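The paragraphs after it lead from the overall fold to single residues and the contacts they make.

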Amino acid sequence: QILYLKPPWTLANLLECYKKHWMAVFGYVVPRSLLSAVECLYKHFAADEPVDSSTACILLQESKSLFHAFSARSDYNGVLPQAYAAVNKLYQTLTEALSEDIMVLSENAACERMEAMTPNLTDPEEEKPHLSFCVARENRHQEIWSVLESVWNTMNLYSIEIFQKLDPTMVTVTTKSSFEEAFLGLQKLLAAVSDVREGIGR
């Protein structure tokens, strides 16, 4: 009966309504700490800009955590399990693709080491297609490096926040997340790093 924004809604509109009515309504249905998940999703969907693979993984994880929390209240006539299954499938597809990219990166590194030790016996004319192939691979290297760097930077941020909560005299950084949020974030990162490590191992 009382709504911040009237329908019809876009996804960004809905997320904005969740934020506005979180304390008065939704915080009584699901854990209030999940507001950070809503804010994360709203930030990216309201911007309506393309996101990289690592950010997409985070958005899918946040969506899964919201669906899981609301599932304790109701299945919403079967809609929620379907939505969760679709998001989970997207998440698995994306993480598998990232694992494959990382595996290709490790294979390319091995090839480069072999090429460095092998005498150049090829005809210069035959090298032209190989050059364009190398450029494409280099772009993939940069993308994978960006994913790993993002994981590393996020781990550092959460680690600083946790250490500051344990001993405020150790680090002087202004934190924005609660201890619980930082801990949950680290759990997600541990799972992501395990996937990366498994991909590299393969």
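A residue is called buried when its relative accessible area is under 20%, exposed when that value is over 50%, and partly exposed in between, the area being found with a 1.4 Å probe on protein chains only. The structure is a predicted model, in which local features need a pLDDT of at least 70 and side-chain atom pairs count only at pLDDT 80 or more, while totals for chains, interfaces and linings use all residues. Residues are numbered from 1 along each chain as its sequence is written, and side-chain values use heavy atoms, with hydrogens and water left out.

The protein chain has 6 helices and 0 strands, where helices (H or I, at least four residues) and strands (E, at least two) are DSSP runs numbered from the N terminus. Along the sequence this gives the pattern α-α-α-α-α-α. Of the 202 residues in the chain, 27% are buried.

Helix α3 is mostly covered, since 14 of its 19 residues are buried. Thr55 is found in this helix, and with a relative accessibility of 19% Thr55 counts as buried. The side chain of Thr55 makes a polar contact with the side chain of Asp52 at 2.6 Å. A polar contact is a pair of N or O atoms within 3.5 Å; within protein, one atom must be able to donate a hydrogen and the other to accept it, and residues adjacent in sequence count only if both atoms are side-chain atoms.

In one of them, Glu62 pairs with Lys188, and their closest N and O atoms are 3.2 Å apart. This pair links distant parts of the chain, because Glu62 sits in helix α3 (residues 53-71) and Lys188 in helix α6 (residues 179-201), 126 residues apart. Glu62 is buried at 13% relative accessibility, whereas Lys188, at 27%, is partly exposed. A salt bridge also joins Arg202 and Glu198, with 3.1 Å between the closest N and O atoms. Here Arg202 is exposed at 54% relative accessibility, while Glu198 is partly exposed at 48%.

Leu189 lies in α6 and is buried at 9% relative accessibility; its C-alpha atom is separated by 9.8 Å from that of Tyr158, 31 residues apart along the chain. Val196, also in helix α6, is buried at 16%, and the C-alpha atoms of Val196 and Leu148 are 8.6 Å apart, although the two residues are 48 residues apart in sequence.

Which helices each supply at least two residues of the lining of the second largest pocket? They are α1 (11-20), α2 (35-47), α3 and α4 (79-117). On a 1 Å grid over the protein atoms alone, a pocket is an open set of points where a 1.4 Å probe fits, with protein on both sides within 12 Å along at least five of seven lines, and lining residues have an atom within 4 Å of a point. The second largest pocket has a volume of about 410 Å³, and among its 15 lining residues Leu11, Tyr18, Leu66, Phe67 and Phe70 lie nearest its centre.

Some backbone details complete the walk. A cis peptide bond, with omega of about 5°, joins Pro7 and Pro8, and Pro8 lies in the segment before α1. In the loop between α3 and α4, Tyr76 has a positive phi of about 50° although it is not a glycine, and Tyr76 is partly exposed at 32% relative accessibility. Asn77 lies in the loop between α3 and α4 as well, has a positive phi of about 55° without being a glycine, and is exposed at 80%.

Definitions and conventions:
Salt bridge = Lys/Arg side-chain N within 4 Å of Asp/Glu carboxyl O. Points joined across faces, edges and corners; volume = space filled by probe spheres on them.
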